[in-house]
Amino acid sequence: MMSARKEGTIGSIFATSFKGELPARFAQLKKDISPSDPSVMHDAWQRLERAFQEEAPIIKSMGSKIIPQVNFKDIVDGNFPSDMKDEIKKRGCVVIRGVVSEDVANSYKQQVLDYIAAHPGEIPGFPDNDPQVWELYWSKAQVEARSNPNFLQATTALNRLWYAEEDSKVDLETNLTYCDRLRIRKPGDESFKLREHLDGGSVERWEDDNYRKCFSEILAGEWEKHDSYNVTHRLDAKMQLYDAPGGCEMFRTFQGWLSLSNAKSGCGSIRFCPLVKETTSAIIMRPLLQDLLETPSLGGAYPGTQIDIDPVLLPQITDICVPVPDIHPGDAVFWHCDLVHAVDLKCEQPTDSSVFYIPATPLCNINTSYINKQRETFRLGLTPPDFPGNNAEKNFTDRATPSDLSELGRLGMGFERLEPKHKLTKGAQAAIEEHNRTLGLN
């Protein structure tokens with residue numbers, strides 16, 4: 001039986017949960033990975049600041065309108081409209097309208113509310129005294145939503161924004177299923193507020209050799225050459241070195257959620273800093289500037305937590321954070337795995353703000369390895385491997401089981417052999433073969 005992570009909630013990975021300073025070894029690490037000539041990083045930072053100065057007025061003047069919006073019906077054969085792709089890639093986020101119908105979204109929500117009501121006092125959540133984010137993974141509604149054909153069409157379009165070499169072991173045409181939580185944020189709530197932060201690994205971005213390679217141009221002082229959509233080194237990056245309860249091991253091209261409610265802009269939903277290459281560059285470079293270089297500080301990154309974006313150290317980023325536009329049931333919101341985001345301080349609307357968290361996760365070896373473990377937790381009703389080991393649903397007779405999966409659900413969850421329906425690169429073919437072999441589907 002696989003080892004479970006410690007019990008907890010989504011609050012377990014908030015950066016505020018870490019106390020103290022980083023070990024001294026991080027000071028040496030920073031020296032080892034910095035350019036030998038300090039002027040290289042200094043000059044790069046000056047150029048980066050000018051880029052922010054050019055973009056910030058545009059973002060501030062447009063507000064939520066800066067975030068690209070696409071109607072689901074305009075995603076044809078798993079592709080965004082050609083005139084939208086570059087803007088989505090630049091901003092690192094997108095709102096997709098009408099991924100499922102309002103009736104379907106409302107049905108998902110009601111099923112979950114009934115599921116919660118059937119198990120009073122049995123389900124952990126954050127905060128403990130009045131949960132807004134529930135430690136639930138296996139409600140039938142969540143399981144169905146993750147394999148909804150429209151949702152998979154949307155995630156395919158997102159994965160296709162990324163670039164892979166011919167030999168890279170990844171199939172960007174196939175999306176696997178990552179099982180995450182849900183949020184039902186009540187009117188007036190001020191507990192589930194998060195200032196600007198970054199998920200998907202924290203100190204690992206500098207510490208892990210392969211993860212660091214994703215940012216090699218930035219570390220060389222050539223941030224302009226950084227490609228936020230090059231998948232190459234993501235495929236071997238270790239995003240979770242500290243067994244955090246909630247740290248993600250699976251490679252998500254885009255984090256995302258499906259809305260189950262109306263959410264008025266700025267009143268209890270998500271916020272983005274919509275400039276992915278520049279914000280990534282600033283986060284990676286800032287600890288290597290002269291004022292921090294001799295210290296262990298990684299500018300808000302701590303083991304086993306999110307990266308907290310300090311408004312004193314990185315005002316360029318926090319100054320451009322804008323709310324998503326008004327959201328309706330059935331809309332989906334996605335953001336690049338390197339995009340800084342936040343949560344509105346208060347749910348200032350008369351109704352709840354509710355979502356299923358569901359990301360885009362292409363087929364590759366690290367994701368196959370995770371699916372192999374996740375599949376077993378699903379069979380047993382245990383918490384998925386990435387999350388706090390509460391196992392609250394283990395004895396729920398009304399939870400979803402493998403028999404509830406659709407054909408698409410069985411494929412995404414690793415219960416069915418993958419047979420490619422498109423032309424494959426050499427690397428994609430190898431990834432599919434390894435996927436089937438690892439999961440015993442030959």
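**Cavities and helix packing in a predicted model**

Q: Hello! How many cavities of 30 Å³ or more are counted here?
A: This is a predicted model, where local features need pLDDT of at least 70 and side-chain atom pairs count only at pLDDT 80 or more, while totals for chains, interfaces and linings use all residues. Residues are numbered from 1 along each chain as its sequence is written, and side-chain values use heavy atoms, with hydrogens and water left out. On a 1 Å grid over the protein atoms alone, a cavity is a set of points where a 1.4 Å probe fits but cannot get out. With a volume taken as the space filled by probe spheres set on points joined across faces, edges and corners, the number of cavities of 30 Å³ or more is 4.

Q: What is the volume of the second largest cavity?
A: Its lining residues (an atom within 4 Å of a point) include Arg-205, Tyr-211, Arg-234, Phe-251 and Cys-337. They divide into 6 nonpolar, 1 polar and 3 charged (Ala, Val, Leu, Ile, Met, Phe, Trp, Tyr, Cys and Pro are nonpolar, Asp, Glu, Lys and Arg charged, the others, Gly among them, polar). The volume of the second largest cavity is about 70 Å³.

Q: Now the largest pocket: which residues are the closest to its centre?
A: A pocket is an open set with protein on both sides within 12 Å along at least five of seven lines, and the largest has a volume of about 580 Å³. Of the 22 residues lining the largest pocket, the closest to its centre are Glu-173, Thr-174, Leu-408, Leu-411 and Lys-421.

Q: How do the residues of that lining divide by class?
A: Helix H6 (149-159), strand E5 (170-175) and helix H14 (407-412) each give two or more residues to the lining of the largest pocket. The residues of this lining divide into 7 nonpolar, 7 polar and 8 charged.

Q: Are H13 and H15 roughly parallel or roughly antiparallel?
A: The axes of H13 (residues 365-380) and H15 (residues 426-438) are 10 Å apart, at an angle of about 15°. Angles under 35 degrees count as roughly parallel and over 145 as roughly antiparallel, so H13 and H15 are roughly parallel.

Q: At what angle do H2 and H10 cross?
A: In contact (heavy atoms within 4.5 Å) are residues including Trp-45 and Phe-52 of H2, and Thr-279 and Met-285 of H10. This contact divides into 8 nonpolar, 2 polar and 1 charged residues. The axes of H2 (residues 38-62) and H10 (residues 276-285) come within 11 Å and cross at roughly 145°.

Conventions. Axes fitted to C-alpha atoms, helices over the stretch in contact; angles between N-to-C directions. Helix = DSSP H or I, 4+ residues; strand = E, 2+ residues; numbered from the N terminus. Parallel < 35°, antiparallel > 145°, perpendicular 65-115°, else oblique.
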